[in-house]
Amino acid sequence: ANALNALSGAITGRLAIGGIAGVRVRVEAMEQWGLGQTMLLALAQAVKTRRSAKFKQVPSVRHNERSDNLRIQGVRPLLPPACLLEEQPRQAAHEAVVRRARAELHRVLNGESDKLLVLVGPSLVDDQAACMEFAARLSVLAAEVQQELLVVMRVQLMAEAGASWPGIVKDPTSDGAFHINKGLRLARELLLQVNQLGLPTASDFMDTVTPQYFADLLSFASVNAQSEMLRELVSGLSMPVGLRSTPAQLADALAAQEKAAVAQQFFGVTSHGIAGIVHATGNEDCGLFFVPSGASASERAAATVAAAKAHPKANLVVDCGGAGFACTAQAELAAKLSALVAEGDQQLRGVCLSSYLLSGAKAEGAASAVRGMSVASPCMDWMQTEESIRALAAAVRKGRIADGAPAGKKQRLNGK
C-alpha cells in the first residue's frame with residue numbers, strides 16, 4: 001500500500017503539470033478496490049488542477065454536433081471494376097498467356113516441372129514507356145530460355161507502406177493529387193500491353209479491393225504472409241501466390257500457406273463495386289516468397305540454405321533484391337542461387353530479380369527521376385539482368401545433366 005501511494009503521488013504530480021497523457025489502472029482483486037478508488041479520485045483531482053493551470057475548460061458537446069466522419073475531408077467516387085474491365089477488356093491473346101503461365105506455374109511450384117520461376121522487373125513502376133521498353137527486351141530473352149526458365153515480369157504497381165511515393169495506382173501524376181481512377185486505368189493498360197508481348201505478369205496485392213481491377217491479367221501474385229486479411233484473400237485468388245516472409249516469419253508463413261488451401265470467408269468487393277461476403281474454396285497453388293536476411297550475398301545465400309533445411313516441405317521463391325541491397329550484391333546472390341540449382345536443390349523453385357534499364361536507384365532527395373532507373377529499392381541494369389538470367393538457365397541445364405532427366409520432366413519431391 002505504501003508503495004502504491006508513493007507511485008500514485010508521483011503519477012498525479014506529473015499529471016498535474018501535463019507530463020502524462022493517460023494512465024492505466026489495473027485492479028486484480030476485490031480487496032484492492034479501495035486502493036484503486038483512492039487512486040482514481042487522486043487522478044481526477046490532478047486533471048482538474050492541470051485544466052485550471054494550463055488548459056482551457058473542455059467545452060461540452062452540443063446535441064446537434066456530428067459524431068462521425070470528423071476527420072474525413074471528402075469521398076470521391078471510385079471507378080467500379082466492371083466498368084474498367086469493359087473499357088479495357090482482356091482479349092483472347094491475353095487470356096491464352098495467363099492460362100498457359102498459371103498452368104506452368106502450378107507445375108513448377110508443385111515440383112512437377114524442373115523449370116525455374118524467374119520474376120523480373122523494377123522495384124516500382126513509375127514510367128510506362130520505360131517499363132514497356134524493359135518488357136520488350138525481357139520477352140525476347142524469355143523466349144530464348146523458355147526450355148529452362150519460366151520468366152514472369154514483376155510489375156509493381158503500388159509501393160510498400162511508408163514509401164515517399166505510393167506508386168502509379170494511387171498517384172499516377174506523382175504530384176500528390178491522387179487521381180486513383182486514372183492510376184487504375186494506367187495500371188490495367190500497362191498489364192494488357194505486357195501480356196500482349198506474350199510475357200506473363202506478376203504483382204503484389206496489398207488490399208482486397210484492387211485485385212478486382214487487374215487480377216485477370218496476372219499469372220502470379222505475392223502478399224505479405226503476416227497480414228490476416230491478405231492471407232484470406234489468397235484462398236480466393238485464381239492465380240498461384242507467393243506468401244512473402246523473412247526467416248523469422250517462415251513458420252508462420254508455412255501455417256498461412258496451409259490455411260490458404262482451405263475454404264474461407266472474408267469481406268470483399270464485387271466487380272460492380274458492391275461490398276460482399278466472399279466464400280473462397282481455397283488455393284493450393286502457393287509457395288513462399290522468401291526474403292533472406294543478411295548484409296551480404298553470402299549471408300543471404302546461407303539464410304536460404306538454412307531455411308530450406310529447417311523446413312523441408314517449403315517451396316522457396318527467393319527475393320534477390322530489397323531496400324538497401326546493392327545491385328552488385330543482388331547479382332552475386334543470383335549467382336550463388338544458380339550454383340544451388342546446378343547442384344540439384346529441390347526446394348528452390350524460383351528467384352526474384354529487381355531489374356530495370358539502369359542500375360541503382362534514385363538518390364534520396366533528388367528533384368527528378370532518371371528514366372529507366374528505380375525510384376524505389378536498387379535494381380540491376382539490363383546487362384546484369386541478362387547475365388543473371390542466362391546463368392540461371394545454364395544452371396538448370398547442368399542440373400538436368402546431373403540427374404539424367406529430360407527437359408521439364410524431372411519430378412521434384414520434397415514431401416508433396
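Leaving aside neighbours within four places in sequence, which residues is Leu-138 in contact with? Select Leu-138 and display its surroundings: with contact meaning heavy atoms within 4.5 Å, and with neighbours within four places in sequence left aside, the residues are Val-120, Val-151, Met-153, Leu-199, Trp-382 and Ile-389.

Before going on, note that this is a predicted model, in which local features need pLDDT of at least 70 and side-chain atom pairs count only at pLDDT 80 or more, while totals for chains, interfaces and linings use all residues. Residues are numbered from 1 along each chain as its sequence is written, and side-chain values use heavy atoms, with hydrogens and water left out.

Next, select Val-118, Leu-138, Leu-149, Met-153, Phe-205, Phe-214 and Ile-389, which touch the most other members of the largest nonpolar core, a set of 88 residues. Such a core consists of buried Ala, Val, Leu, Ile, Met, Phe, Trp, Tyr and Cys residues joined through side-chain atoms within 4.5 Å, where buried means under 20% relative accessible area, exposed over 50%, and partly exposed in between (1.4 Å probe, protein chains only). A second, separate core has twelve residues, among them Leu-105, Val-108, Leu-109 and Val-152.

Now select Phe-134, Tyr-356 and Trp-382, which ring pairs link into a cluster. Rings of Phe, Tyr and Trp (its six-membered ring) pair if their centres lie within 6.5 Å, and planes under 30 degrees apart count as stacked, over 60 as edge-to-face and the rest as tilted; by this rule there are two aromatic pairs. The centres of the Phe-134 and Tyr-356 rings are 6.4 Å apart and their planes stand at 70 degrees, so this pair is edge-to-face. Phe-134 belongs to helix α5 (residues 128-144), whereas Tyr-356 lies 222 residues away, in the loop between β10 (348-354) and α12 (382-403); helices (H or I, at least four residues) and strands (E, at least two) are DSSP runs, numbered from the N terminus. Phe-134 is buried at a relative accessible area of 0%, and Tyr-356 is likewise buried at 0%. Phe-134 also forms an edge-to-face pair with Trp-382, at 5.6 Å centre to centre and 90 degrees between the planes. Because Phe-134 is in helix α5 and Trp-382 in helix α12, this pair ties together parts 248 residues apart in sequence.

Finally, move to Asp-204 in strand β3 (residues 201-204), a buried residue with a relative accessible area of 6%. Its side chain makes polar contacts (N or O atoms within 3.5 Å; within protein, one must be able to donate a hydrogen and the other to accept it, and residues adjacent in sequence count only if both atoms are side-chain atoms) with the side chain of Gln-156 at 3.2 Å and with that of Arg-244 at 3.1 Å.
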